[in-house]
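The account below keeps to what can be read from the coordinates.

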Amino acid sequence: MRVLSRDEKAIIFLDGMEYIEYKHKKAIIELFSRPSQIFDDNRLIDGYLQSVNKGEVAKTLLKAIANEDFVEEVIASNLRGATDVITLVSNSYPTLLKQTPTPPLVLYARGNVELLSKDKFAIVGSRKTLLQYAKRAEDISSELSSNGVVIVTGIASGADTSAIKGGLKSGNVISVFAGEVGKAYPATANDLSNKIIENGGLIISEYPCGSVPKVYSYPVRNRIIAGLSLGVLIVSGNLTSGTRYTADYALDYGREVFCLPYGIGTSGGEICNKLIKSGAVMVETATEIADYLSFELKVESEPAIVLTEKEKTLYKLIKQGFSSTDSLAENSNMLIFEIISTLGMLELKGLIVKDPIGNYSARK
Amino acid sequence: MLAKYVGYTLIGLDGEAVEVEVDTSSGLPSFDIVGLPDTAVKESKERVRSAIKNSGKRFPNQKLTVNLAPADLKKEGAGLDLPIAVGIIKASGQFDDKDLADTVFIGELSLDGSVRGVTGILPMLISARAHGYKKAIIPFANAKEGEYIDGVEIRTAKNLKEICDYFMGLGELPIVEKLNYDVISENIKYNNDISFVKGQYVARRAMEVAVSGNHNIILVGPPGAGKTMLAKCIPSIMPDMSFEEALETTKIHSAAGKLSSEEGIVYKRPYVTPHHTATSVAIIGGGVSAKPGIISLAHNGVLYLDEMAEYPRAVLESLRQPLEDRVITVSRAKASVKYPASFMMVGSMNPCPCGYFGSKQGECKCTAAQIIKYKAKVSGPLMDRMDIRITVDSVKYDELVEKAKGEDSETVRKRVNRTRLIQRERFLGDDINSNAEMTERHLSVYCKLSDECEKIMRTAFENLKLSARARSRIIKVARTIADMELSQDIEPNHLLEAIGYRSEEV
C-alpha cells in the first residue's frame with residue numbers, strides 16, 4: 001500500500017464509522033476545505049451533528065477522533081485486503097462516478113487501478129441467464145474489452161460471469177463487489193476473482209474490509225456500476241431482478257441503457273423488453289454499442305488459417321447458426337464421422353468452440 | 001449296509017462335488033445327517049423320508065447315518081436331496097447293485113416323490129465334467145441347462161420312482177439332446193433395432209464406436225430425447241457372444257437363480273437396468289452367502305444406469321473398482337467369492353435438474369448453482385471412466401416421420417464383430433479382449449502416434465485443457481475408430497473424431 005495523505009486518511013477513517021449515515025459523512029467532509037481538518041476542528045463537526053439532532057453520535061465520533069491510535073487502527077483495518085484505495089479527494093477518482101449524486105467516499109481496490117481512468121461500459125444481468133444470452137454477453141464483452149473499453153460488472157454467476165470471462169483476455173475488466181474486495185461472494189467466485197487480478201483487471205468496492213454483502217448492498221452497489229460507466233448493457237433479468245436498479249440508476253445519471261431483445265415466451269428477459277419499450281436501445285452486437293457510444297472497434301479480419309474444403313463447408317454452416325452436430329450432418333452432405341473429425345480440427349485451429357452441452361459456435 | 005453316491009453343491013460360481021455316504025446299521029431307528037449341512041440340507045431329512053415312502057419304497061426302520069464329504073465344505077441348497085434318497089434306498093437293499101460311481105445326482109425332492117428343479121445346475125455340470133464324471137441325473141425342469149454340456153450323458157427325471165425303475169431296468173430316463181450353440185446364436189431376435197432411432201446421427205455413430213471397443217458411454221440430454229431408446233438398442237449391435245462367454249454368463253445367472261427355464265443358456269448379451277433405488281449390495285453383490293449382484297449379471301453385457309445422477313453416491317462409487325478390474329470380490333463372514341463383472345457401462349443423465357439446459361425444445365429454469373450441484377452427484381473419478389460422452393437433444397416431429405430409415409442393427413453388428421475380431425487378434429498374448437481394457441503399457445505398444453497425430457494431441461492437450469487421463473481415453477477411442485476403418489495405424493482423422501467424443505467438464 002502506498003503512503004496515504006492526511007486527507008485520504010481522514011476520509012478512510014470517517015468511512016469506517018459505521019454508525020454515521022452516508023449523507024452525514026459527506027456533509028462533515030464538505031464542512032471543511034480539506035478533509036484532514038476534521039482531525040483539527042471539533043467544533044464544526046459537533047455543531048453540524050447537533051443541528052441534525054445527532055448529539056450522541058457527535059460525542060462518540062469526537063472521542064474517536066481524539067484517540068490517534070484508534071484512528072490509525074480503523075484505517076489499517078479498513079484497508080486490509082485492498083492493494084490500493086481511491087478517495088473522493090483523489091485525483092484518480094473516476095470523473096463520471098463523481099458526477100453522480102451519491103459517489104462512494106472511498107473505493108477500496110484490488111488490482112490495476114489505472115483501468116478507472118479509461119472508458120468504461122457496464123454489462124450486467126441476472127444470475128439466471130439463458131445460455132445463448134450468456135454467450136452473447138461474453139462475446140460483446142470480449143469484443144469491447146479487446147478494443148480498450150473497460151467492462152464493469154459484478155461477480156455473480158450468469159451474466160456477470162460471462163461479462164468477466166469476455167474481459168479476462170485483455171484484462172480490461174472491473175468487478176464491483178458488494179462486500180470487501182478481499183473476498184468474493186459467493187465463495188465459488190473466488191477463482192474467477194483471482195483470475196481477474198492475474199489478468200490485470202480490477203476489483204473495487206465501497207465497503208471496507210470485514211463487510212459481508214447484505215441483501216441491500218447489491219442495489220447500492222449497482223449505483224457504482226452504473227455511475228462508473230458510459231453505458232449499461234442489460235443482458236437479462238425478470239421484472240423483480242436486481243438488474244432493474246442498475247438500469248434505473250443509469251437512467252437517473254443520464255447514461256445510455258442498452259438491452260438484448262427477448263422473444264415472446266422466452267422468460268428471463270422481461271426487464272429487457274420493458275426497458276426497450278420505454279426507450280432503451282435494443283442491441284445485438286458489440287458493433288452497435290460501439291457505434292452508439294463512438295468506441296472504435298478494429299475491423300475483424302478473416303482468419304488467416306488455411307482450411308480444407310470440408311472445414312470451410314462446416315465453418316460456414318456454423319457461422320450461419322447450425323450448432324449441433326446432427327444439424328450439420330443434415331445440411332452438409334458429409335458422413336457423420338467426417339463431420340466429427342473435421343469439427344475436431346476446426347476446434348484445434350481455434351475457429352470454433354464446443355460448449356458444455358456439445359453445441360459448436362464460431363469463436364469471436 | 002453302505003451306499004455311496006455323488007451330489008453337487010454350489011460354492012460361489014463353481015460346483016463342488018459332495019460324496020454322499022449312507023450307512024444303515026442296527027440300533028434304535030434314527031436319521032442323522034453329518035458333514036456341515038446348512039438348514040436346507042438338514043431339512044432334507046423330512047423331504048427324503050416322505051418322498052421315499054410316496055414313491056412306493058420303504059424307509060428303513062434302522063439307524064441311518066448320512067455323511068456328506070468332504071466334511072469341511074459347507075453344503076448349501078436342496079440339490080443333495082436326490083443323492084441322499086437314492087443312497088438310502090440302495091443302503092436298505094431295495095435295488096440291485098449296479099455301478100453308479102460315475103453318475104452325479106442333482107435334484108430337490110418334493111414330499112410326493114417328484115424331483116424339483118434347483119439353481120446352479122449349469123456350473124455344477126461344468127464342474128462334474130471337469131472332474132471326470134460321465135453321467136448325470138438332473139431334474140426335468142433343468143433339462144435346458146444340460147443341452148450345452150458335451151461329454152456327459154445327462155438324463156432327466158420327473159420323480160424318484162422313475163429313477164428307481166431306471167436302475168432296476170424297468171424303465172428309461174430321457175437323455176438330454178445336445179444342442180449346437182452356433183445355430184441358436186445365429187437366430188437371435190432383438191426387440192429394438194437401431195434403425196428405429198430417427199436422426200441422432202452423432203449418437204448412433206458414437207454408440208457404434210463405444211460397442212466396437214467396449215467403451216463406457218454416457219448420454220446427456222433433456223427428457224424425451226431418446227436416451228433410453230438409444231441405450232436399449234445397444235444389445236442389438238453388440239458383438240455375438242462366443243460359447244465361452246455365454247457359458248460364463250450363464251454360470252452366473254444359474255448360480256443367482258435368474259436363468260429362465262425356457263433358455264438353458266444366456267445367448268443374448270445381458271442388458272441390465274437397475275432402478276436408481278437399488279442398494280449397493282444389490283448392485284455389487286453380497287448378502288449372507290455372498291450372492292452375485294447386478295453387475296455380475298451384466299457380465300459380458302451392458303449395465304445401463306438411467307438417470308445416473310439419481311443413484312446414491314455410494315452405489316456409483318462402488319462401481320469404480322469393478323469398472324477398472326472387471327471382477328468383483330464379494331466378501332462376507334460365510335464366504336468370499338470372486339465374481340466376474342466385465343460389463344460395458346452405459347449411463348444417461350439430464351444436463352441439469354429440470355433437464356432442459358441447452359436444449360432447443362425446452363427452456364431451462366435452473367440456476368448455475370443448481371446445475372453445478374446436480375453434476376457433482378456423479379463424481380469426477382467416475383466420469384473419468386466414461387470414455388465417450390455425447391449429448392442428445394430431442395428430435396422434432398418432422399424428423400420423426402420424414403427421415404429415411406438408417407442402417408439396421410444387423411449391418412452394424414456385422415461391422416462390430418469384425419472390429420472386435422481385430423482387437424481379439426491383437427491382444428492374443430495379453431489378457432484383455434478390447435481396446436477399452438488397454439492399460440498404459442498396451443497403449444505404448446499398440447497405439448503409437450505418428451508425428452502428425454502427436455502434434456494434434458499436443459495442440460488438443462494445450463488448447464482444450466485435457467487431463468492426462470483424458471489423453472489416454474482419447475487415444476483408446478481413436479484406436480477403436482482406426483480398427484473400425486481397418487487402419488493399421490491411428491490416423492489424424494481418427495484422433496480428431498475421438499477428441500469430439502471426449503467427456504467435458506463444465
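**From one bridge to two chains**

A:Thr153 has A:Ser175, a residue of E5(A), as its bridge partner. The model that shows this pair is a predicted one. The two strands involved are strand E4 (residues 150-153) and strand E5 (residues 173-176) of chain A, which pair in the parallel sense over three bridges. Strands of a sheet pair through backbone hydrogen bonds, and the sense may be parallel or antiparallel.

E4 and E5 of chain A belong to an open sheet of nine strands, whose order is E1-E2-E6-E5-E4-E3-E7-E8-E9. The pairing across this sheet is mixed. Strand E1 (84-87) and strand E9 (281-282) of chain A are its edge strands, each pairing on one side only.

The domain assignment divides chain A into domain 1 (1-79), domain 2 (110-293) and domain 3 (309-362). Between the C-alpha centres of domain 1 and domain 2 of chain A the distance is 33 Å.

Chain B comes next. It contains 21 helices and 18 strands, and its C-alpha atoms fill a box of roughly 90 × 45 × 45 Å along the principal axes. Of the 506 residues in chain B, 49% are buried. Among the contacts in chain B with a separation of 6 or more, 75% are between residues 24 or more positions apart.

In soluble globular proteins, nonpolar side chains tend to be buried together. In this model the largest nonpolar core has 149 residues, and the members that touch the most others are B:Ala85, B:Ile106, B:Ala136, B:Ala206 and B:Ile234. Leaving aside residues up to four places away in sequence, B:Ile106 touches several residues, including B:Gly7, B:Tyr8, B:Leu82, B:Val118, B:Met124 and B:Ala136.

Where do the two chains meet? In the contact between them, 26 residues of chain B face 23 residues of chain A. On the chain B side, at least two residues each come from helix H7 (201-213), helix H14 (368-375), strand E18 (388-391), helix H19 (451-463) and helix H21 (492-500). H21(B) gives the most, with five residues. By type, the residues on the side of chain B that touches chain A are twelve nonpolar, nine polar and five charged.

Notes. Residues numbered from 1 in each chain as written. Chains lettered and ligands numbered in written order. Predicted model: local features only at pLDDT ≥ 70, side-chain atom pairs only at ≥ 80, totals over all residues. Domains from an automatic or database assignment. Pairing = 2+ DSSP bridges. Helix = DSSP H or I, 4+ residues; strand = E, 2+ residues; numbered from the N terminus. Contact = placed C-beta atoms within 7 Å. Nonpolar A, V, L, I, M, F, W, Y, C, P; charged D, E, K, R; others polar. Buried ≥ 20, exposed ≤ 12 C-beta atoms within 10 Å, placed from the backbone. Core = buried A, V, L, I, M, F, W, Y, C linked by C-beta atoms within 7 Å.
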